[in-house]
Amino acid sequence: MTPIDAKRPLQLNDQGQLRHFLTLDGLSRELLTELLDTADSFLEVGARAVKKVPLLRGKTVCNVFFENSTRTRTTFELAAQRLSADVITLNVSTSSTSKGETLFDTLRNLEAMAADMFVVRHADSGAAHFIAEHVCPDVAIINGGDGRHAHPTQGMLDMLTIRRHKGDFEKLSVAIVGDILHSRVARSNMLALKTLGCPDIRVIAPKTLLPIGLEQQYGVRVFTDANEGLKDVDVVIMLRLQRERMQGGLLPSEGEFFRLYGLTTQRLALAKPDALVMHPGPINRGVEIESAVADGPQSVILNQVTYGIAVRMAVLSMTMSGQSAQRQLKQDSEEHN
Ligand code: CP
C-alpha cells in the first residue's frame, strides 16, 4: 500500500476546494467550518416531507465497502439518494473480489461503468489514498474508513454533534476514551478538534491501547486514570475495543477494562452535569459503556447517526463541486491553449 503523506494536496483542487475527501489532516479551519455549515443546512432537508434536493442529479455514487458497516454505508446511501444521485452499493463478499480480483481491478471495472464518486471502506490504512492516486482524475474518492488511519466523515459528524449541542469549540474540554491505538475515529476527532480550536482535548486509555507521541502530534493530554481524565469535561466520546485490529493480548479481560474505563453513571458524574455522551457505534454494552448511560438523558449517540446523513450530503456535494470546478478549469485552459 502507498505510504500516506496526508499533507499532500491530493484531496484539494487548484482553488483549495475538495476533490477527494480522504483525511482531515491538512484541511483548514475555514474548510471544516464550511462543511459544518453546509451540513447544518442539509439537516433541514431531512426534516421535509420530500427529503430530496437535485444537487447530484445525473451523478452516480458507488459504495464499495471491503469491511462491515451499518451506519456509514447506509447513511452514505441515504445522503446520495437525498441529493438525487444514482447509488450502487457493491457487496464485496458476493463480488469478484472473493474470486481473487485485486482492489485496483475492481475499481477499474466500476470506473468503466462511469461512476462519478466512490465511497470506500477498507481494512488497510492508505487504501483510499491509493485509489485516489490511481483512478481517473474526474472520479472523486471519499474515505469511509481505512484501517486505523482515518474516518473523516465520522470525525465531521462528531464535530457537528458537538457544535449543535455545545456551540463554540474554543471553550470546551473533550475526552476521548478507550481503544485509541486501533481507532481511526480517535485520530480524525483529535485532528478536527485541534483544527477547530478546542483548547482541552483529553485522551484516556490503558497504556497498552495508546500510540506513542500523541501529545506532540495532536496537542492532546493523555490520561491512564479515567476518573482523573473525566473531571469536568463537556463531552465524552467513548470508543469500543477494536478486537479485529488487535494482535495478542493487550488487555487482561473485558471485565477489567469495564471496571477501569467503562462509562458508568457513577463515572459520568465526574464530568460536567450537562456533559454529552457520544459513541461512533457499534456500542458494546457492558464493555465500554453501561446501558443506563448509553440510553440515558446525556446520550446523543443516535443524534450522531442522524447528523451523519447531513454531513455526508455536505461531503458529497462539496467534493462534486470541487471536481466540477477542476474539470471546468482544465477545459478552459485547454480551450485557451
Ligand atoms: N461508526 C461507524 O463507522 O459505524 P459502522 O462501522 O457501522 O459504519
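The following legends describe close-up views of a predicted model.

**Figure 1. The shell of residues around the ligand.** In this predicted model, the ligand is surrounded by Ser69, Thr70, Arg71, Thr72, Arg121, His151, Gln154, Pro280 and Gly281. By residue class, this shell comprises one nonpolar, six polar and two charged residues.

Figure 2. The side chain of Ser69 places an N or O atom 2.6 Å from an oxygen atom of the ligand. Thr70 contributes through its backbone, where an N or O atom lies 2.7 Å from a ligand oxygen atom. A nitrogen atom of the ligand is 3.0 Å from a polar side-chain atom of Gln154. On its own the ligand has 250 Å² of accessible area, of which the protein covers 91%.

**Figure 3. The largest cavity and the residues that line it.** One cavity of 30 Å³ or more is found when the whole structure is searched. The volume of the largest cavity is about 50 Å³. Its lining consists of Leu103, Phe104, Leu107, Arg108, Glu111, Phe130, Ile131, His134 and Val135.

Definitions and conventions:
Residues are numbered from 1 along each chain as its sequence is written. This is a predicted model: local features need pLDDT of at least 70, side-chain atom pairs count only at pLDDT 80 or more; totals for chains, interfaces and linings use all residues. Side-chain values use heavy atoms; hydrogens and water are left out. A residue is near a molecule or strand if one of its heavy atoms lies within 4 Å of it. A polar contact is a pair of N or O atoms within 3.5 Å; within protein, one must be able to donate a hydrogen and the other to accept it, and residues adjacent in sequence count only if both atoms are side-chain atoms. Accessible areas come from the Shrake-Rupley method with a 1.4 Å probe; for residues, only the protein chains shown count as cover. Ala, Val, Leu, Ile, Met, Phe, Trp, Tyr, Cys and Pro count as nonpolar, Asp, Glu, Lys and Arg as charged, and the others, Gly among them, as polar. On a 1 Å grid over the protein atoms alone, a cavity is a set of points where a 1.4 Å probe fits but cannot get out, and a pocket is an open set with protein on both sides within 12 Å along at least five of seven lines; lining residues have an atom within 4 Å of a point. Grid points are joined across faces, edges and corners, and a volume is the space filled by probe spheres set on the points.
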